[in-house]
Every structure is written in structure tokens, then in C-alpha cells.
Amino acid sequence: MTPHPLALRADLPRRAATAAALLLAVLLLLMVVRLPWSGDLGMHGAVLERLRTDLFHPGNPLVDADTPSPYYSPWTVLLALLASVTGWSTFAVLRLAGLAGLVVLGSGIRAFVRTFSRARTAVPLALLCVLLLYGVRLFAWSGVPGLTSLALTLAYPSTLALGMALHLWALLRTAVAKAWRLPAFAALGLLLALVLLIHPFTGAVALLGVAAVLLGARPWPGRTVLLRAAVGGAVTVAVLLLWPYYSFFSLLGPSGLDAVHRPLYGRLPQKFCLVALGGAALVLRMRRDRRDPLVLLCALGLTVFAAGWLSGHYAWGRVLPAVLLPAQLALALETAAAVESGGPRRRRVLAAVTATALLAGAWTQAGVVSYVLRREAVPPVLRGAPAIALWPRFTWATRRLPAGATVLTDDYYALRILPAYGPYTVAPAYPDVFLRDEKQRRDATRRYFAPATSRAERLGILKEFDVRWVLQKSGGSGLPQDDPALRTAARGPGGLALLEVVAR
């Protein structure tokens with residue numbers, strides 16, 4: 001039986017959204033294979049390297065020091081065990097982590113959306129909105145699942161944690177509505193603890209989502225359900241207290257991360273102007289239900305985000321997904337409802353506006369295709385599209401560097417890349433709440449490469465931190481390459497040289 005032309009026309013948005021979502025999924029799968037490097041991939045590689053070397057006492061992931069680290073989570077321990085059993089390389093395991101993160105995130109979006117709508121268009125539209133609905137300026141940060149951001153952070157724990165948080169919210173909505181029994185709520189508490197341990201910033205987003213789901217439940221949860229939810233919360237706290245690799249609650253104190261996160265508050269209109277359409281959709285939902293969970297989640301996220309700006313605690317800006325996700329999902333849900341059951345005028349307007357915003361978002365982020373295609377294979381119209389530049393590779397140096405050796409360098413990229421291959425650096429590339437001598441390590445690196453520092457003081461720094469290798473620019477500050485204490489081991493691009501310390 002041939003479908004009626006009107007039925008085919010009504011089904012067109014769903015087919016178009018599904019095809020576009022599948023196309024982006026294929027692109028992200030190619031990112032898993034390519035594993036583009038522009039960010040913190042080196043940190044996550046270093047974590048696996050340390051855990052593979054010593055699963056129970058891995059020490060600091062970046063410097064040769066016996067300290068705990070919040071990067072040693074149930075997920076990274078599991079990945080390290082897999083690497084040890086299979087013999088796979090660190091980067092092969094990171095690719096597997098990227099695939100797992102992509103699957104869990106995509107299925108999490110589907111599960112959460114399905115608790116709000118059974119419309120067939122809702123899920124593909126939600127996937128498109130989460131990937132594309134941001135702004136007209138590129139933005140990438142771990143935990144924020146835009147297309148550009150995901151292309152660079154698929155293998156990060158934050159991607160998996162966000163997908164787990166979405167599954168948690170979906171399960172909690174069902175658990176509250178159907179008054180699940182106590183063991184189910186205890187399992188949800190365990191799931192929340194895992195999210196918090198895997199990526200504490202995403203864990204904060206998950207907590208806001210849990211609050212929004214409970215506050216937005218209709219009818220209000222009964223006393224029994226609330227008691228069971230409290231037991232789930234107790235399970236969460238117990239798991240956090242018992243985790244052996246680091247003290248989770250130590251992260252709640254001063255961390256030195258505010259300066260790093262200040263850029264989260266810059267140029268917000270350019271980075272997120274398209275999300276305003278999702279804000280309008282949230283207003284529509286609020287008019288129908290002031291306790292809509294998406295509305296509450298966005299309000300809670302905005303409150304914390306604004307408080308971070310006003311107080312100078314810029315690390316609080318990491319709750320940004322709690323602001324963006326509900327707006328993106330709200331637009332997808334409203335558009336899907338209009339397309340499948342709304343009046344002709346509402347259907348046309350919402351479909352056209354949403355499609356235009358998604359196309360604008362896709363055009364802004366189109367440069368990501370350059371991460372997986374050779375330049376000549378990129379369509380000419382996209383060759384000038386902006387993209388976040390990928391980082392240089394240091395394989396020319398890592399071939400010479402033994403695992404566990406300490407390297408002294410002040411090169412921005414080397415500090416963040418070399419530890420992924422096994423070596424340590426003198427100074428950590430990132431702030432570390434557990435590393436007590438972090439300031440001394442940074443000062444020592446600065447002094448070694450300061451032009452006025454004497455040879456004797458430089459030799460003293462090499463001895464103090466048991467430095468066996470130095471990576472620096474030829475002709476730059478530091479001991480000259482022809483110094484008798486050094487031997488040139490390799491030369492790289494940009495005038496960089498790897499020097500072996502032969503005497504101190």
C-alpha cells in the first residue's frame with residue numbers, strides 16, 4: 001500500500017534528522033580511529049601508563065612523586081586492567097575508551113529523551129541539537145558534548161561520565177514514577193558515585209540533574225520513595241569515602257583551578273547564541289509546568305554558573321552542560337512534538353527555525369572534517385572552515401625516552417604530551433591539589449630556563465629532580481647543547497632538541 005503524500009511529507013523531518021544524526025555518528029566513529037590530539041589526551045594517556053606500571057601504587061601521573069590523583073577512577077583502573085591483560089598499547093585502549101564514551105553518551109541521550117516523549121523525531125533531533133546547537137564561535141571543553149568538543153575529547157572520562165549521568169537521570173525518573181524498590185535506588189546511588197569518581201565536574205552536573213528530577217517529579221514522590229532515594233544517596237557517599245586511590249572530598253577545598261577555567265566565561269554570546277532558541281523552548285515548557293525537570297536543571301545550572309562568575313570561583317563554570325543540555329533537549333522535544341502532532345503553521349515555523357539553527361551550528365563546526373580527511377579530500381567549500389588546530393607530535397623524542405625517566409622542559413606541548421608515552425616531567429602541566437611541591441617544581445623549571453641562571457644552579461636543578469633528559473629549543477635558554485653535561489640525542493621540528501644528561 002503506497003503511503004499518502006501528506007504522510008510522507010510529515011515523515012520527512014524525521015528521516016532528515018535521522019540521516020543527519022547517522023552521518024555525524026559516522027564522523028565521530030572516524031574520530032575514534034583518528035584520535036585527534038588537541039588538549040588533555042596526554043594526561044589520560046599518562047594515567048594509563050602509571051596504572052599499567054603499578055596498579056596499586058601508581059603515584060602522580062605527570063611527575064615522579066608518590067601522590068594520589070583524582071584521575072585514578074574506576075574507569076581508568078578498568079582500562080588499565082584491560083591493557084595489562086590484552087597487551088594493547090595505551091592509545092589502542094584510549095580508542096576503545098572513545099568508542100565506549102560515544103556509545104554511552106548516545107544511548108544516554110536517547111534514554112533520557114524517551115522519558116519525556118515517544119515521538120519518533122525526538123531522539124535524532126535531540127542528538128543533532130546536543131552536537132550542533134551552540135554558537136557561531138568554536139568552543140571545545142571536556143564535558144561539553146558539541147561536535148568539535150567531542151571530536152577532541154571522545155576518549156576522555158568526561159564523555160563516558162556525561163553519558164552515564166544521562167542514563168542515571170532516565171532511570172531515576174522511572175524509579176520515582178514507578179516507586180522502585182530499595183535495591184534499585186541503592187544501585188542508582190552506586191551509579192552516581194561512579195560518575196562522581198570518573199569525572200568530578202560532570203558529577204556536579206549529575207547531582208544537579210538528580211535534584212531537578214526529584215523536584216520535578218509529578219506527583220510529588222511519596223515518603224517511601226524519598227527514603228529510598230536517601231538510602232541511594234548514602235550509598236553514594238559511602239562509595240566516595242571508600243575509594244582507595246584518592247580522597248574525593250579533598251577536592252572540595254581550594255584547587256587552584258579557577259584561573260584555568262576563567263575562559264569559560266568569555267565571549268558567551270558568540271559561543272552559545274544558538275542555544276537561545278532552546279531557552280525559548282524552556283520558557284514554553286515552564287508555562288505548561290513550572291516544575292518541568294529540564295527547566296529546573298537549567299535554572300540550577302545557571303545559578304551555579306552565575307555564582308562562579310560573581311565569586312571568582314571560575315571552576316564552577318564546569319556546570320555549563322547543566323545549562324546547555326536542558327535547552328538543547330527542550331528545543332528538540334518541542335520541535336518533534338510540533339512536527340508530529342502540531343498544527344501546520346506551528347509545524348512549519350518550528351521545523352524551519354530549528355533546521356536553520358542546526359545548519360548554522362553545522363557550518364560553524366564543519367572544520368572538524370579536516371581531522372579525519374586529508375586536505376585534498378576535504379570538499380573545497382569546507383577547506384577554509386575554521387577548526388581548532390591539532391597539536392604537534394613528539395614521536396621523534398618519545399622513541400628515545402624510556403618510561404619512568406624525568407624530562408625537564410618548558411615547552412607547552414611537550415609538557416602535556418610526553419607523559420602519555422611513559423616519561424615524567426619536572427613540573428606538572430596542570431594544577432594538582434595533591435602535589436605539595438608543585439610551586440617549587442614550576443619555579444625550578446622557570447629558573448633553569450631563565451637567561452641569568454648560572455651553570456652551577458642549573459646543574460643543581462638537574463640533580464635535585466633526578467633529570468636524565470632535557471627538551472629545549474636550540475640556542476634557547478638553559479645549558480647550551482655543547483655543554484659537557486649534555487649529549488644531543490635527537491632533533492625535532494621548530495628547533496627543538498632532546499638532550500641526554502650525562503653528568504650533573
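The model is predicted. Its largest nonpolar core has 148 residues, and six cavities of 30 Å³ or more are counted.

**Hairpin of strands 4 and 5**
- Strand 4 (residues 486-491) and strand 5 (residues 496-501) run antiparallel and are joined by five bridges.
- Thr-488 has Leu-499 of strand 5 opposite it.
- Four residues lie between the two strands of this hairpin, and Gly-494 adopts a positive phi near 70 degrees.

**Nonpolar cores**
- Within the largest core, the residues that touch the most other members are Trp-169, Leu-471 and Leu-498.
- Beyond its neighbours within four places in sequence, Leu-498 is in contact with Arg-487, Thr-488, Ala-489 and Ala-490, among others.
- The contacts of Leu-498 also include Trp-396, Ala-397, Arg-400 and Leu-401, as well as Trp-469, Val-470 and Leu-471.
- Another core, of 17 residues, lies apart from the largest one; Leu-408, Tyr-448, Val-470 and Leu-486 are among its members.

**Largest cavity**
- The largest cavity holds about 80 Å³ of space.
- It is lined by 14 residues, of which Ser-142, Gly-143, Val-144, Arg-318 and Pro-321 are the closest to its centre.
- Eight residues of this lining are nonpolar, five are polar and one is charged.
- Helix 9 (200-215) and helix 15 (320-341) each contribute at least two lining residues.
- Helix 9 provides the largest share of the lining, with three residues.

Key: Residues are numbered from 1 along each chain as its sequence is written. This is a predicted model: local features need pLDDT of at least 70, side-chain atom pairs count only at pLDDT 80 or more; totals for chains, interfaces and linings use all residues. Side-chain values use heavy atoms; hydrogens and water are left out. Two strands pair if DSSP finds at least two bridges between them. On a 1 Å grid over the protein atoms alone, a cavity is a set of points where a 1.4 Å probe fits but cannot get out, and a pocket is an open set with protein on both sides within 12 Å along at least five of seven lines; lining residues have an atom within 4 Å of a point. Grid points are joined across faces, edges and corners, and a volume is the space filled by probe spheres set on the points. Ala, Val, Leu, Ile, Met, Phe, Trp, Tyr, Cys and Pro count as nonpolar, Asp, Glu, Lys and Arg as charged, and the others, Gly among them, as polar. A nonpolar core is a set of buried Ala, Val, Leu, Ile, Met, Phe, Trp, Tyr and Cys residues joined through side-chain atoms within 4.5 Å. Buried means under 20% relative accessible area, exposed over 50%, partly exposed in between (1.4 Å probe, protein chains only). Contact means heavy atoms within 4.5 Å.
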